[in-house]
Amino acid sequence: MNNWAILSGIEGNLAAYEAVMKDIKRQNNVEALYILGDLVGPRRETEQLVKRVLNPRRGELEPLICKGWWEEQCFILHGLGGTGEPTELMAKYGGETVKLLWECVSRPMAQWLMTLDFGFFELDSLLIHGTTVGIDEELTPDTPPIQMLDRLSRMQANNLFCGRSGLAFQYQLQAGSITTGVTTLDSPPSPQTVEISARQVIGVGNVGRKPGEAIYTLYYPGTNHVEFKTVRYGMSKGFQSQSDVTPKIAISYDSINN
């Protein structure tokens, strides 16, 4: 049974990436490797990490990589982005992180990052860092179902894989219908009912943010099965892998009426 390995948020963490690649080699029939943004980050080994990713070793897949939030911050710092100042980065992480990111990602590297795709559409699945609304939009288990449905419907996707939140979750929208109606001063409501198929949003986890622990996702297109993998690494913990059982969130469309 062929499957996809989906990563996000490596954030320049070379040790975490190496640990995940070792774990992927242990899996059976992985046919595609996706990195959904935040490949780079404010780490000294960031450019070494990028070179490692772009030069797969024997038996490793060549990854498909899209842009993430940290890539966007690099574009801004090097004058390649739409805004002139790293205000969001400064507000969230402070001046030291801004300086470190500038030092860790060179302008040639930032120019290469500009060539990356915004996302991928494979079969009936959209793989992206944030959403089609914005690279910085976070979808979480607390996101309202009508918003989840909108983000899926924009690209007519049945599955949306995203990495912006850094969380690992499976948010299922059950098949049903949505009834909408418009009332004006001179006409009664004219309800319309739209039938919707079952869909889901998957947060794929984060590889590099938490020291010693990397989380990624395995997806089986043939069965629509999702599996979260936690890889623990480092001298103190040793190397081990386990499957995470994450509660599913199921929402019925029939409860959403406008």
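**Close-up views of side-chain interactions in a predicted model**

A search of the whole structure finds 7 aromatic pairs, a pair being two rings of Phe, Tyr or Trp (its six-membered ring) with centres within 6.5 Å; planes under 30 degrees apart count as stacked, over 60 as edge-to-face and the rest as tilted. This is a predicted model, in which local features need pLDDT of at least 70 and side-chain atom pairs count only at pLDDT 80 or more, while totals for chains, interfaces and linings use all residues. Residues are numbered from 1 along each chain as its sequence is written, and side-chain values use heavy atoms, with hydrogens and water left out.

**View 1. Trp69 and Tyr93 form a tilted aromatic pair.** The ring centres of Trp69 and Tyr93 lie 6.0 Å apart with the planes at 50°, so the pair counts as tilted. Because Trp69 belongs to helix H3 and Tyr93 to helix H4, the pair ties together parts that are 24 residues apart in sequence. Helices (H or I, at least four residues) and strands (E, at least two) are DSSP runs, numbered from the N terminus. Trp69 is buried, with a relative accessible area of 2%, whereas Tyr93 is partly exposed at 37%. Buried means under 20% relative accessible area, exposed over 50%, and partly exposed in between (1.4 Å probe, protein chains only). The charged end of Lys92 sits over the ring of Trp69, 5.3 Å from its centre; this term requires NZ of Lys or CZ of Arg within 6 Å of the ring centre and within 35 degrees of the ring normal.

**View 2. Phe161 and Tyr219 form an edge-to-face pair.** Their ring centres are 4.9 Å apart, with 65° between the planes. Phe161 lies in strand E6 (residues 159-162) and Tyr219 in strand E11 (residues 213-220), so the pair links distant parts of the chain, 58 residues apart. Both Phe161 and Tyr219 are buried.

**View 3. Glu18, Lys25, Arg52, Arg57 and Glu60 are linked in a network of salt bridges.** A salt bridge is a side-chain nitrogen of Lys or Arg within 4 Å of a carboxyl oxygen of Asp or Glu, and the structure holds 13 of them. In the bridge between Glu18 and Arg52, the closest N and O atoms are 2.9 Å apart. This pair links distant parts of the chain, with Glu18 in helix H1 (residues 14-26) and Arg52 in helix H2 (residues 46-54), 34 residues apart. Arg52 also meets Glu60 in a salt bridge, at 2.8 Å from N to O. Relative accessible area is 18% for Glu18, which is buried. Arg52 is buried at 9%, and Glu60 is buried at 14%.

**View 4. Glu227 and Lys229 form a salt bridge.** The closest N and O atoms of this pair are 3.8 Å apart. Glu227 and Lys229 are both buried.

**View 5. His78 lies in the loop between helix H3 (69-77) and helix H4 (87-93).** At 9% relative accessibility, the residue counts as buried. Apart from neighbours within four places in sequence, His78 is in contact (heavy atoms within 4.5 Å) with Trp102, Val105, Ser106, Arg107 and Ala110.
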